[in-house]
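This report describes selected features of one protein chain. The sequence and the structure are shown first, and the notes follow.

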Amino acid sequence: MDDLSLPPFTGKKNLGGRTILITRPQLEAQETAHEVLAWQGHPLLAPALVIEPLFETPSWRAAIANLEHYIGIILTSANGARALLDLCGHHLERIQNTPLFCVGPKTAAIFSAVGLTPFTPKEATDAVQLAELILLMQSDKKGRMLFLRAQEGRDTLVERLLQAGLQIDLVTAYQARPFGPQPEWVIDQLQQKKIDAVTFFSTRSAECFIDALDNKSLLKNTILAALSPGIADKLNQMGFPAAIVAAKPTSGDLLYALADFWYHHT
């Protein structure tokens, strides 16, 4: 998912100093931690995933060698955007005239920060809306598009574009591997019931975090908050229903949902 979060809610609804465990990869977790502080909460970082670029694969090398020939580049995460910029280095002119299609404003902001002008859906931050934007702008163009995605990427967007007749080169830009067993301090905090909510921003992070817990019963009395209905479904399948689901897939909406929950239940 992709977001630029809502500003802090300055009314009566806030996190009230409660402790929020953030399971995102380290870089995104740090960004969310600042938001939690702005919402008057106490953030704890416990990444369930580690992001690793995959620069040395044959598909990566082929894509970079032919970068100027693509009629568009598709990016569904900030990690893919960072990987592309890392490979371009100081030669941004290689993608300056290539349409960059980003799933949401957070990914787009990475390109805007270096003077590029990406395209992103106006009203949503998901693959379906991104596919429709691409089809609107690219359906009458000839050539191939490059899609940089995670090793575990879903095929919803790809299937939609292929069905419409677009040609796509799929390149795995990075992998999200499990962090492994959580540190003892995380276990201690859960045991002592000092964590008020655990937040999940992807189905993969939810799966890896829970799988890494030896004593999964520690989550039974903890509020679980999901960024989207899909993540909530995954949690439910694993036997850990989400008490909170964000109205939109942004961290701001997720924090608002938590603040609203406690506002009405305390």
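## Aromatic pairs

Rings of Phe, Tyr and Trp (for Trp, its six-membered ring) are taken as a pair if their centres lie within 6.5 Å; planes under 30 degrees apart make the pair stacked, planes over 60 make it edge-to-face, and the rest are tilted. By this rule the count comes to 4 aromatic pairs. The model is a predicted one.

One of the pairs joins Phe200 and Phe209: the ring centres are 5.7 Å apart and the planes stand at 65 degrees, so the pair is edge-to-face. Phe200 is buried, because its relative accessible area is 0%. Phe209 is buried as well, with a relative accessible area of 0%. Phe261 and Trp262 also form an edge-to-face pair, with 6.4 Å from centre to centre and 70 degrees between the planes. Phe261 is partly exposed, at 23% relative accessibility, whereas Trp262, at 7%, counts as buried. The cut-off for buried is under 20% relative accessible area.

## Charges over rings

Arg24 lies over the face of Phe201, at 4.2 Å from the ring centre.

## The five-stranded sheet

An open sheet is built from 5 strands in the order S3-S7-S6-S4-S5, and the pairing is mixed. Its edge strands are S3 (49-53) and S5 (100-102), each of which pairs on one side only. From one strand to the next, the twist averages 25 degrees.

Helix H4 (residues 105-112) lies across S4 and S5, and runs at about 145 degrees to S5.

## Ala150 in strand S6

Strand S6 spans residues 144-150 and includes Ala150. In the order of the sheet, S6 stands between S7 and S4. Is Ala150 buried or exposed? Ala150 counts as buried, because its relative accessibility is 14% and the limit for buried is under 20%.

Leaving aside residues up to four places away in sequence, Ala150 touches Thr172 and Tyr174. Thr76 is 74 residues from Ala150 along the chain, and the C-alpha atoms of the two are separated by 8.7 Å.

Technical notes. Residues numbered from 1 in each chain as written. Predicted model: local features only at pLDDT ≥ 70, side-chain atom pairs only at ≥ 80, totals over all residues. Heavy atoms only, no water. Pairing = 2+ DSSP bridges. Helix = DSSP H or I, 4+ residues; strand = E, 2+ residues; numbered from the N terminus. Axes fitted to C-alpha atoms, helices over the stretch in contact; angles between N-to-C directions. Contact = heavy atoms within 4.5 Å. Buried < 20%, exposed > 50% of the residue type's maximum accessible area, 1.4 Å probe, protein only. Lys NZ or Arg CZ within 6 Å of the ring centre and 35° of its normal.
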